[in-house]
Amino acid sequence: MTVIKKLQIAKTIDDFAELIGYKPKGLSYILYKIPPAAKYTEFKIKKANGGEREICAPIEPLKTLQRRLANVLYACIDTIEAEKGKNTTSHGFRRKHSIISNARHHKRRRYVLNLDLKDFFPTFNFGRVRGFFINDNRFGVHDKVGTLIAQIACHENLLPQGSPCSPVIADLITNILDARLVRLAKDHKTTYSRYADDITFSTSQKDFPDALAKPVAGGGADWEPGAALIKAIEGAGFSINPDKTRMQFRDSRQLVTGLTVNAKVNIRPDYYRYARSMCHLVFKTGKYHRPIPAVSEGDEPEELEMIESLNPLEGILSHIHHVKDTIDDRKETDKRKEATAARQLYRRFLIFRKFVCLDRPILVCEGKTDNIYLKCALRSLAKAYPALAEVKGKEFSAKVSFFNYVGHDNKLSRSASVLELGGGADDLKFLFFIKNRYREIINKFGHKPLKHPVIVLIDNDDGAKGAKGIFSAIKQDFKISIDLKSVDPFYHITDNLYLVKTVEQGKTGKSCIEDCFEPSLLKTKLKGKKFDPSKDGGASGGYGKFVFAEQVVRPNADKINFDGFKPLLDRIAAAIAHYNAPGI
């Protein structure tokens, strides 16, 4: 039975709770026992145009509940589109859609009209959300279920910005508007698309249809929405923001959701220049200034604000890389061999942020499963390792960070892809140890605080030894001898770079991180299959490391004995202590 069918037949809180993976008591507690004022944290963030956006961030239990609801609704959308066809006009808050897919509809057009819906999220109140799910012919849920959905989603009678389920609900309700505007666009031979509250019409006709927009009488270059367009939008329960209607012509720069579309979809040149300028400053001084919005004639420009937080700059560079990487249709191997300037800039920034200007020690393991093991072990043994973690009451916080290999849908993270760290000793060798590359890279930064160590953690096995292994590269370029039987707790390679290997075992010394677990846990069967730590799950047909980490270790972390990890955590703690010692 499909998820949407289960949603349609649900009639009670028990039915609905089961559907989203909750017990009725747990769901009721979040909805009815937690005081409304305690459910959200409210704050404001600056918008690109200089204004402010109010964010209502839900507390963790409610956020998890809202995320579960969002996942259910996305599954419903998948079923609806499989049966009735995909919605090709809406590109915001949808899987496999983005500002790029939205902008592509409007390339190389004579006219591009942009307008915004006014007060988008506040448009969706409790009654509108509840009524949509009850009355929409695609859902048609029971009255009680519609009420539950609205109670989970709404805050102070409105959909809040900051909730994981607000985007998908807003988009579903706005599909009613899409249907009207698609018909209107077709009648007037134009192309229509929407990204959240940002609406675009485009055409290469000689004249733009008056029904959609026309020049303001005596208004110079200003345009205003046409009567038919206003009627369609207001008839669907929305209104137009009069300050954000703009017509763009072929002989000027045309933008759709912030991307140029004159010849091809791309980043604005000035936006990229701003990013390069900010990187130049931060690499040199550790500070940079945000790009300041353009001011109107006669207004005083704002004084440049120098900031140290790397979060805004990382967001800008990630956005640039995402767009340019998406429109680059070369194979990934070719993108790496002949990296674009934008990719090189983003790579340099990631090295700066993660290894040079880091705010705490970072562990760079061979892959994503090692991170899961170590985080669980550290949580269990936190009190014994005050240099690595802190426990206050029931609250746990790590004092070390982990290089993240995992992005959306368990695919390789963007950072790992750009740094070419796909997991495994070879990738670590090429980034950190070959021909002193690490020192060569960091020495190009004028600002290099290096306050904390970078600890590369590897299995002490055949992948590290051999003529082309990490041990050989370190001996050749750093004159440090390491082998499978060497027992030093850590190896200080250069600057803030350390190597720690898993603790030696038996006569050969070979070991891997899984050896830290008790043998009985490694014998755990899942659906009759045994654990096989080989990369692909093994020829035996057993299950692999990721399944072991996600289905055996993580869900049973509070029951597992992690004492076998103590010798390895001792080595990590020793490396940090060594780096913090005077004179290092």
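## Basis of the model

Helices (H or I, at least four residues) and strands (E, at least two) are DSSP runs, numbered from the N terminus. The model is predicted: local features need pLDDT of at least 70 and side-chain atom pairs count only at pLDDT 80 or more, whereas totals for chains, interfaces and linings use all residues. Residues are numbered from 1 along each chain as its sequence is written, and side-chain values use heavy atoms, with hydrogens and water left out.

## The cavity

The structure contains one cavity of 30 Å³ or more. On a 1 Å grid over the protein atoms alone, a cavity is a set of points where a 1.4 Å probe fits but cannot get out, and lining residues have an atom within 4 Å of a point. Grid points are joined across faces, edges and corners, and a volume is the space filled by probe spheres set on the points. The volume of the largest cavity is about 50 Å³.

Its lining consists of H321, K324, D325, D328, R330, K335, T340, A342 and R343. Helices α11 (311-327) and α13 (341-356) each contribute at least two residues to this lining, and the largest share, three residues, belongs to α11.

A pocket is an open set of grid points with protein on both sides within 12 Å along at least five of seven lines. The second largest pocket has a volume of about 1200 Å³. Of the 40 residues that line it, D359, R360, V400, S401 and F402 are the closest to its centre.

Elements that each supply at least two residues of this lining include α11 and α13, together with α14 (368-380), β16 (395-398), β17 (401-402) and α20 (545-553). The largest share, seven residues, comes from α14. By class, the lining of this pocket holds 17 nonpolar, 10 polar and 13 charged residues.

Strand β5 (residues 198-203) is mostly covered, with six of its six residues buried, that is, under 20% relative accessible area (1.4 Å probe, protein chains only). D198, T200 and S202 point one way from β5, while I199, F201 and T203 point the other way.

Two strands pair if DSSP finds at least two bridges between them. Strand β3 (residues 111-116) pairs with β5 in the antiparallel sense over six bridges, and V112 stands opposite S202. Strand β4 (residues 191-195) also pairs with β5 in the antiparallel sense, over five bridges, with D198 as the bridge partner of Y195. A hairpin with two residues between its strands is formed by β4 and β5, and A196 in the turn has a positive phi of about 60°.

## Helix α4

The expected span of a helix is 1.5 Å times one less than its number of residues. For the 25 residues of α4 (residues 60-84) this gives 36 Å, which agrees with the 36 Å between its end C-alpha atoms. Just after α4, G85 adopts a positive phi of about 95°.

## Cysteines

A disulfide is a pair of cysteine sulfur atoms within 2.5 Å, and a search of the whole structure finds zero of them. The sulfur of C56 lies 12 Å from the closest cysteine sulfur, in C154, and is therefore too far for a bond. For C376, the closest cysteine sulfur is in C365, at 13 Å, which is also too far for a bond. C56 counts as buried at 8% relative accessibility, and C376 is buried with a relative accessible area of 11%.

Definitions and conventions:
Buried means under 20% relative accessible area, exposed over 50%, partly exposed in between (1.4 Å probe, protein chains only). Ala, Val, Leu, Ile, Met, Phe, Trp, Tyr, Cys and Pro count as nonpolar, Asp, Glu, Lys and Arg as charged, and the others, Gly among them, as polar.
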